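Dear colleague,

I am handing over the structure we spoke about, and you will find the sequence and the model just below. My notes on what was found in it follow.

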Amino acid sequence: MTRPKIKIEKTTIDKSIEVFTFLLIIGSAILIGYFYNQLPEKIPIHFNWPSKDENGFGAKNLLWTSPIICGIITIAVFKLNKYPWIFNYPTEIDDENARYNYKQATLLLRIVALLIGLLCFSITLTSILDGLEIENNLDTYLAPIFPILLIGIPILFVIRILIVNKK
């Protein structure tokens, strides 16, 4: 059975999430550009990268990889959101439930993209603060939060879709 191809219109919340996501990623790039000349040549890198040394330090130009990669992922997610009928769903999709399920799936992907934007900004900010030797504990608080959110939010959406589709 083929799924209905319904165009889901963006709500104000959807548009706001997308704009805020891009602002976070662009803000990361602006932050890097603003502090770039003040940073030492080697800074702590808070993401895994092959050229990072055994002590967790890398060249300061590695900071640019975070907004570039996160920007590409975010654009891909937003493009993918235009085709919700190709997603996997925990329930059978038909004409009656397609609009609701598509709306939930696209909202979920927007929220995941927002989390990617927040992750990009926090990694950039933490690396810059550490490079400038400004005391901060951002990584202590943020490191456990992002995996929980990136796993927990999709689980909540799946549960919500299953409950609504049982009715």
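There are five salt bridges, a salt bridge being a side-chain nitrogen of Lys or Arg within 4 Å of a carboxyl oxygen of Asp or Glu. Please bear in mind that this is a predicted model, in which local features need pLDDT of at least 70 and side-chain atom pairs count only at pLDDT 80 or more, while totals for chains, interfaces and linings use all residues. Residues are numbered from 1 along each chain as its sequence is written, and side-chain values use heavy atoms, with hydrogens and water left out.

R110 forms a salt bridge with D14, where the closest N and O atoms are 3.8 Å apart. Since R110 lies in helix α3 and D14 in helix α1 (residues 12-35), this pair ties together parts that are 96 residues apart in sequence; helices here are DSSP runs (H or I) of at least four residues, numbered from the N terminus. R110 also forms a salt bridge with E18, with the closest N and O atoms 2.8 Å apart, and because E18 lies in helix α1 and R110 in helix α3, that pair joins parts 92 residues apart in sequence.

R110 counts as buried at 5% relative accessibility, where buried means under 20% relative accessible area, exposed over 50% and partly exposed in between, with a 1.4 Å probe and protein chains only. D14 is likewise buried, at 5%, and E18 is buried at 11%. Together with K10, the residues D14, E18 and R110 are linked in a network of salt bridges.

K7 forms a salt bridge with E9, at 4.0 Å between the closest N and O atoms, and both K7 and E9 are exposed.

Conventions
Helix = DSSP H or I, 4+ residues; strand = E, 2+ residues; numbered from the N terminus.
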